[in-house]
Amino acid sequence: MPRSHRPTDVTDPKRWQGLSHPLRMRLLHELADRPAARATDLAEALGVPANSVSFHLRQMERYGFVERDTEHGSDRREKWWRSTNRDGFRLTGGSEDESAVAVARDLVRTIGAHTHAAVDEWLGVAVSDAGTSVNHDVRLHLTDAEFAQFRSELGEVWDRWLTVSRGHDDDHEDLVTFRDVRFGWTDRPAIEDEG
């Protein structure tokens with residue numbers, strides 16, 4: 001039975017700070033694509049200084065988003081890192097506390113900037129080679145039960161293909177990397193006050 005690919009719920013606003021930096025968001029996504037990596041590998045992949053990557057990895061470790069991978073490397077100076085969940089994190093919960101709201105706003109801005117960069121990258125591909133890109137913007141009108149079924153089925157499709165994707169060796173010659181950046185939300189009609 002294939003394992004379920006599900007993000008880890010993070011409900012503590014204090015932990016949200018662990019991702020409130022653009023480089024940390026990029027590191028998290030880079031580690032989702034690899035079983036483990038050294039700071040120097042990540043720095044090279046992202047085009048940033050290794051000491052900056054090391055600092056942010058330590059901060060992300062403090063908040064529980066990454067951990068040291070002791071299975072790689074025998075040299076104590078050569079630290080390997082891995083995500084604590086390669087399937088991502090879902091930031092949930094709410095708070096009336098002003099400081100938590102401020103952290104949430106910072107994080108939403110960071111996620112927005114990361115998504116904006118991905119959309120810019122997609123636009124570059126779409127303009128240069130429209131045959132390799134996908135654009136999908138649709139609205140579904142579903143009951144709560146249908147919406148739950150839709151999300152479940154969509155999750156099953158992603159589970160299956162993530163399992164296939166992660167089963168390939170890194171040196172596989174004919175792999176195509178497909179990136180999918182999606183965001184969705186539910187719109188519910190406002191309930192008018194009858195009083």
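**Figure 1. Phe 65 and its neighbours in the predicted model.** Leaving aside residues up to four places away in sequence, Phe 65 touches Val 10, Arg 15, Gly 18, Leu 19, Leu 28, Met 60, Ser 83, Thr 84 and Phe 89. Phe 65 also belongs to the largest nonpolar core, where it is among the residues with the most contacts.

**Figure 2. The largest nonpolar core.** Here is the core to which Phe 65 belongs. The core has 23 residues, and those with the most contacts inside it are Leu 19, Leu 27, Leu 42, Val 53, Leu 57, Met 60 and Phe 65. At least two core residues come from each of α2, α3, α4 (50-62) and α5 (98-128). Which helix gives the most to this core? That is α2, with five residues. As a general point, nonpolar side chains in soluble globular proteins tend to be buried together.

**Figure 3. Helix α2 against helix α3.** Two packed helices are described by the angle between their axes and the distance between the axes. For α2 (residues 22-32) and α3 (residues 39-46), the angle is about 110 degrees and the axes are 11 Å apart. That angle makes α2 roughly perpendicular to α3. On the α2 side you will find Leu 23, Arg 26, Leu 27, Glu 30 and Leu 31, which meet Leu 42, Ala 45 and Leu 46 of α3. Sorted by class, this contact has six nonpolar, no polar and two charged residues.

**Figure 4. Helix α2 against helix α4.** Now look at α2 with another partner, α4: their axes come within 10 Å and cross at roughly 80 degrees. The two helices are therefore roughly perpendicular to each other. From α2, the contact uses Leu 23, Arg 24, Leu 27, Leu 28 and Leu 31. From α4 come Ser 52, Val 53, Phe 55, His 56, Leu 57, Gln 59 and Met 60. By class, the contact of α2 with α4 has eight nonpolar, three polar and one charged residues.

**Figure 5. Arg 38 in strand β2.** This view shows Arg 38, which sits in strand β2 (residues 37-38). Is Arg 38 buried, exposed or partly exposed? Arg 38 counts as partly exposed because its relative accessibility is 24%. Setting aside residues up to four places away in sequence, Arg 38 touches Glu 78, Lys 79 and Trp 80. Arg 38 and Lys 79 are 41 residues apart in sequence, and their C-alpha atoms are 5.9 Å apart in space.

Figure 6. Follow the chain to the loop between β3 (66-68) and β4 (80-83), and you will find Glu 71. Its relative accessibility is 69%, so Glu 71 counts as exposed. The C-alpha atoms of Glu 71 and Ala 36 are separated by 9.4 Å, although these residues are 35 residues apart along the chain. Asn 85 lies in the loop between β4 and β5 (89-91). With 13% relative accessibility, Asn 85 counts as buried. Not counting residues up to four places away in sequence, Asn 85 touches Arg 6, Pro 7 and Thr 8.

**Figure 7. Placing the close-ups in the whole protein.** Along the sequence they follow the pattern β-α-α-β-α-α-β-β-β-α-α. Of the 195 residues in the protein, 23% are buried. The protein exposes about 14,600 Å², and carbon and sulfur atoms supply 51% of that area.

Key: Residues numbered from 1 in each chain as written. Predicted model: local features only at pLDDT ≥ 70, side-chain atom pairs only at ≥ 80, totals over all residues. Heavy atoms only, no water. Axes fitted to C-alpha atoms, helices over the stretch in contact; angles between N-to-C directions. Helix = DSSP H or I, 4+ residues; strand = E, 2+ residues; numbered from the N terminus. Parallel < 35°, antiparallel > 145°, perpendicular 65-115°, else oblique. Contact = heavy atoms within 4.5 Å. Nonpolar A, V, L, I, M, F, W, Y, C, P; charged D, E, K, R; others polar. Core = buried A, V, L, I, M, F, W, Y, C linked by side-chain atoms within 4.5 Å. Buried < 20%, exposed > 50% of the residue type's maximum accessible area, 1.4 Å probe, protein only. Areas by Shrake-Rupley, 256 points an atom, 1.4 Å probe, with all protein chains shown as cover.
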